[in-house]
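Here are my notes for you on this one. Have the structure open while you read, and go through the points in order.

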Amino acid sequence: GDLSEAISLLVRLRERHYDSLSDQQRVSSALALTRCYRNSGDTGRAISVAEQEMDRMVSVGWTDDLVELGATLLSCYIAQGDLLRAQHYAAELLAAAEALGTPRAIVAANWEAAIAADVAGRSEEALPLVERAWAVQSENGEPRNLARLRFEYAYIRLRNRPEEAAECRELLLRAER
């Protein structure tokens, strides 16, 4: 919970040892640092870290970790209110996840793309994306993320289909449990 200490440690790690880190460690450390900056409210720095790492690593090839970093970058664009950039990036991220074809990549890309579409008022696009993420997560995911995604699914579904409020309420109660 000490974001400033985590940021300090991650920055030092990346400054001192970046060249000796594996590609996976570089992406993982960038993901952690991006999330710390985002969660501390510094979306500008979060975007900077994520974009720099994405620029370096995308030429190596997409991986689950890189798609997850991309999804986190997408969440930062949304948090910053840059919906045009989010929309453009969501399409790129979805294409990469589809090409990779792994459950983790598909869930991460569809989940954040659904949020981006919903925030931008494109509800009809958001619902199938979050449904796809939820279906894949239900088959392959861990309980914590499944609960978080169940909440997001219920929220987007309720906004788009208010007549299904009773079913959405049940989903929210399951997520809470």
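This is a predicted model: local features need pLDDT of at least 70, side-chain atom pairs count only at pLDDT 80 or more; totals for chains, interfaces and linings use all residues.

1. What is the chain built from? You'll find nine helices and zero strands. The radius of gyration is 17 Å, close to the 16 Å that the globule rule gives for 177 residues, so the chain is as compact as a globular protein of that length. Its C-alpha trace spans about 55 × 35 × 30 Å along the principal axes, and 45% of the 177 residues count as buried.

2. Now look at helix α9, residues 165-176.

3. Which residues of α9 are buried? They are C168, L171 and A175. These cover an arc of only 55° around the axis, which means they sit on the same side of α9. An α-helix has 3.6 residues a turn, so residues three or four places apart point the same way. Over on the other side of α9, A166, R169 and E176 are exposed. The cover over the buried residues includes α7 (123-140) and α8.

4. Last, have a look at R150, in helix α8 (residues 143-160). R150 is buried yet has no salt bridge, and E170, the nearest side chain of opposite charge, is 9.9 Å away. Leaving out residues up to four places away in sequence, R150 touches W134, L171, R174 and A175.

Terms used:
Residues are numbered from 1 along each chain as its sequence is written. Side-chain values use heavy atoms; hydrogens and water are left out. Helices (H or I, at least four residues) and strands (E, at least two) are DSSP runs, numbered from the N terminus. Buried means under 20% relative accessible area, exposed over 50%, partly exposed in between (1.4 Å probe, protein chains only). Lys and Arg count as positive and Asp and Glu as negative; His and the chain ends are not counted. A salt bridge is a side-chain nitrogen of Lys or Arg within 4 Å of a carboxyl oxygen of Asp or Glu. Contact means heavy atoms within 4.5 Å. The arc is that of the directions from the helix axis to the C-beta atoms. The radius of gyration is taken over C-alpha atoms; the globule rule is 2.2 Å times the number of residues to the power 0.38.
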